[in-house]
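Open the model in a viewer and keep the sequence beside it. The stops below say what to select next and what is found there.

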Amino acid sequence: MKRIETSIENLKTDISNFYNQEKHHFVVMNAVDLGEKIEVQWFFCDYEPPCAITAFCTQIQPTNEIPSIRDLISSAWVAEAELVDLMDIKIENTSKGFVLEPDFESGPLRKKK
Amino acid sequence: MKTFFKALGNLFKKPVTIKYPFEKTYIPDDYRGVIEFDENLCIWCRRCEMACPPGAIVFSQDMEGKQTYHYNKAVCIFCKECVRNCPKEGAIFQTGIPARFALKEDNINNGWNILYDEALKSRDAYAAEKKRLAAKKAAAAKTVVEK
Amino acid sequence: MATQYEIPVGAQHISLLEPLHFKFITENEKIVDTTANVFYVHRGIEKACCSKFKFRQVSFVVGRVCGLCSISHTTAYSQVAEKLIKIEIPLRAKHLRMLVIELDRIHSHLLCLSHVAENSGFEALFMKTMQYREAFMELLEAICGNRIQYDFSIVGGVARDLKPEVGQMIMERLKKFKPQLDELVDIYQNNWSLSLKNKGAGAITKKDAMRLNVVGPFARAAGLAIDVRNETEDLLPWKEVGFEIVTGTAGDVYARNMVRLGEINVSMRIIENIIKGLPESALITETKAFPDGEAVVRIEAPRGELFYYAKGNKTQILERLKIKAPTFSNISAMVEGFKGNEYGSVPAIIASYDPCLSCTAR
């Protein structure tokens, strides 16, 4: 697995330079709670064997807003909706209520102090 | 058209369903059944309790230090992790007997939760008592040496 | 200007096997737009695996995420945990894992085909396919001890061995099933009334499949040749036992049925090769190490690509476990694939997408 460090400001340029519809396949987004910060990861996989996995990672404060990559990759709205519900982070143009019921407590996967 | 004739032919064949539980179904001879325990061979290391995924085995301890084994066949998933982790062969083993259903009088759910908490508390009480006695003995030995 | 109607196909519906919710906006029986949501079966499994269960017990928890692809989840978790504690499993354990994965694929594809037939109105074919599937459930009970949630792969190897008489039983039942499979292929391919409901319904092009990142038989029926068994060789030796990829071209319900039937054929050949050439070795590798670092594994479940990410911190309890189910990648394609179809063929289209909501909203 190859890790590439990026940041919120460079995210869309990095992904649009890397992602090619014929060669790569977007797998999923993931977030890990590290205590003070949250690390967010975007996973991509090649179509040609040996299919290497590339991960774009960045660490954010829990109150930052992450830009959405829906205009580059149309099927990414599902992964973004899941993270907004489960980890209670902010992504632009995404609202709650897809994976959890609307009146459920938000952010159940965060570590409780 | 072929399907039509096949459907007509099915009218005269025997049905395929097995009327379980009035008829017997296929049971292999190494079926995953209930777990049995042999008290004489156990060395009381409690590794089976630490390895069990749903928490179906628990050991309680009375004030003299003797441990008792408790097992709940309704919580058990018959995965054999306890048998694999036991260091003494034959102390705990899996039979081929299928588990029977439990009745309301057995009080499997809430009764088991209460028994689990009491067993853990009895082990903590025995450990605390042992520590208190050891501290008293050490204090008594120290005063003898000072004299 | 025609009037628009909003029709919900809700969480409880006569033809749905899974608790999905769709809201269709239709004009004169043709679907124009769709919205979906999946919040009916969330159980909090990722949170439980990182707080309550030790890392060796997690393989039993994860096997209960889904009833149909249970072996794929336990094998993928065992592989990612073996990468975190850095061990290699013996050769016989690898071949036995492949054997149960292929048997599981056969029974899952037969279930999906029978459900498509039932939703198209052909109930006698549904019962016939289920009758042929029963032989495989008894085989799985003889190998793993249970019909559905086989706790077969554990961290370090496999739990049970394959006895010679069970190997004999598998070969006899496969020989009996071969003419039955040819009969099913004949009916699904040539029956006129079934083709009226299936040909041209729910179609998706290859370009759309690449744009929407779909996986599994859904993508292979549209012409996109992706299969994890074709791509990775390091963890399980698929090409050695005779794996071949099966694709279609049209991308509609009919092409998906044909792809699934072709995959059953390939699976039968793989099982025969495995039983004839099973190597002799131990079953489990013992170790006392704790998981550390992060690792990623992909495996081919019957419905598509399954993805696991795990992170350890040198204790008995994992720090983060992330599961991505194949239906999760296909949801956006499902929502787009309904456009332009008649409302009456919605049950057959949903059944041919083969959704598994227990994996998606775990």
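Two residues are counted as in contact if their C-beta atoms, placed from the backbone, lie within 7 Å. This is a predicted model, in which local features need pLDDT of at least 70 and side-chain atom pairs count only at pLDDT 80 or more, while totals for chains, interfaces and linings use all residues. Residues are numbered from 1 along each chain as its sequence is written, and chains are lettered from A and ligands numbered from 1 in the order in which they are written.

**Stop 1: the chains together**

Colour by chain. Two pairs of chains are in contact, and of these chains A and C share the most contacts. Chain A and chain B have no contact, and their closest C-alpha atoms lie 22 Å apart.

**Stop 2: chain A**

Select chain A alone. Helices (H or I, at least four residues) and strands (E, at least two) are DSSP runs, numbered from the N terminus. Chain A has two helices and six strands, and along the sequence they come in the pattern β-α-β-β-β-β-α-β. The C-alpha trace spans about 45 × 25 × 25 Å along the principal axes of chain A. The radius of gyration is taken over C-alpha atoms, and the globule rule is 2.2 Å times the number of residues to the power 0.38. For 113 residues a compact globule would have a radius of gyration near 13 Å, and the 14 Å of chain A agrees with that.

**Stop 3**

**Stop 3**

**Stop 5**

Two strands pair if DSSP finds at least two bridges between them. The three strands form an open sheet in the order S1-S2-S3 (chain C), with antiparallel pairing. Strand S1 (4-9) and strand S3 (30-37) of chain C are at the edges with a single partner strand each, so one side of each has no neighbour in the sheet. Six bridges join S1(C) to strand S2 (residues 21-27) of chain C; Glu6(C) is opposite Ile25(C) in S2(C). S2(C) and S3(C) pair over seven bridges, with Ala36(C) in S3(C) as the bridge partner of Phe22(C). The hairpin of S2(C) and S3(C) has two residues between the strands, and in this hairpin Asn28(C) takes a positive phi near 55°.

**Stop 4: the sheet S6-S7-S8 of chain C**

Now select S6, S7 and S8 of chain C. This open sheet of three strands has the order S6-S7-S8 (chain C), with antiparallel pairing. Strand S6 (292-301) and S8 of chain C are the edge strands, each with a single partner strand, so one side of each is left without a neighbour in the sheet. S7(C) and S8(C) are joined by five bridges, and Lys311(C) stands opposite Arg320(C) in S8(C).

**Stop 5: two helices of chain C**

Finally, select helix H4 (residues 91-119) and helix H11 (residues 253-276) of chain C, whose axes come within 9 Å and cross at roughly 155°. Axes are lines fitted to C-alpha atoms, for helices over the stretch in contact, and angles run from 0 to 180 degrees between N-to-C directions. H4(C) and H11(C) are therefore roughly antiparallel to each other, a term for angles over 145 degrees, while under 35 counts as roughly parallel, 65 to 115 as roughly perpendicular and the rest as oblique.
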